[in-house]
Structures are given as structure tokens and as C-alpha cells.
Amino acid sequence: MTLDEARALLPAVIAEAAELIAARADLAEIDFQRRTGGRSELGGLPELKGLQARIEEILSGWNEQGIEVKGIAPVLVDFPSLLDGASVRLCWIEGERELGWYHRTELGFAGRRPL
């Protein structure tokens, strides 16, 4: 995918990432309360299953668009691309406002460089 194509997808990715982050936090709280015998105001097992399903729906949607999900805590995604003929990943991590980084495919996150 080109840089322009990836940048066109980014606003939707950021919006869905915000939803994923909220679901991730709610899921953690409900799960903690269930494991410690408490009750969460956020609900119980049905709500937990609903949150898990929504997270999976978001991740599956990204995968269908060719976006590689590298992590969800923090949210980290790569957009496969070519840069100067080399295989790279255009890299976005939770909290960034734009797509401004890449790394060579074989180097991973540690090889991140500004575009």
C-alpha cells in the first residue's frame, strides 16, 4: 500500500483505536473484578464477551484492509509498503496523530525512522 493510501486509512484507524482503547480498559476492569470476586459497575460476563467481540471485530477489519496488528496495549499497527524499492512497514502507535514513521520489514519497531 502506498503512503497516501495508508494516510487515507489513518483517521478511521485512529477512531477505531480510541474505541479499542476504551474497550480494552473496560475489559481489564471487568476481568479484574471477576477474578477477585468483586462486581464491576461495567457489567459481568455478557459485557466482557461483548467487549471481546468488539475488539476482535476491529482487529479483523484492520486485517481485511491489509493492516498488520502488532499489539493492542499499546495499539500498534503497520501498513505494509515499499520505500525506495525496499519492503517497509509504515508504523503507527497509539497516541500519534499522524503516520510519520516507518521501519524496514525485517527490523521491526526497533528500526523505526521518521518518514
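R35 counts as exposed, with a relative accessibility of 59%, where exposed means over 50% relative accessible area, buried means under 20% and partly exposed lies in between (1.4 Å probe, protein chains only). The side chain of R35 meets that of D31 in a salt bridge with an N to O distance of 2.9 Å, a salt bridge being a side-chain nitrogen of Lys or Arg within 4 Å of a carboxyl oxygen of Asp or Glu. D31 is partly exposed, at 29% relative accessibility, and because R35 and D31 are 4 residues apart in helix α1, about one helical turn separates them. Helices (H or I, at least four residues) and strands (E, at least two) are DSSP runs, numbered from the N terminus.

The structure described here is a predicted model, in which local features need pLDDT of at least 70 and side-chain atom pairs count only at pLDDT 80 or more, while totals for chains, interfaces and linings use all residues. Residues are numbered from 1 along each chain as its sequence is written, and side-chain values use heavy atoms, with hydrogens and water left out.

A search of the whole structure finds 8 salt bridges. E68, which is partly exposed with a relative accessible area of 22%, forms a salt bridge with K70 at 3.3 Å, N to O. E68 also forms a salt bridge with R89, in which the closest N and O atoms are 2.9 Å apart; this pair links distant parts of the chain, since R89 lies in strand β3 and E68 in strand β1, 21 residues apart. R89 is buried, with a relative accessible area of 14%.

Strand β1 (residues 68-72) runs antiparallel to β2 and is joined to β2 by 4 bridges, two strands being paired if DSSP finds at least two bridges between them. A hairpin connects β1 to β2 through 2 residues, and G71 stands opposite L76 in β2. Strands β2 and β3 are likewise antiparallel, with 8 bridges, and form a hairpin with 2 residues between them, where D84 in the turn has a positive phi of about 50°.
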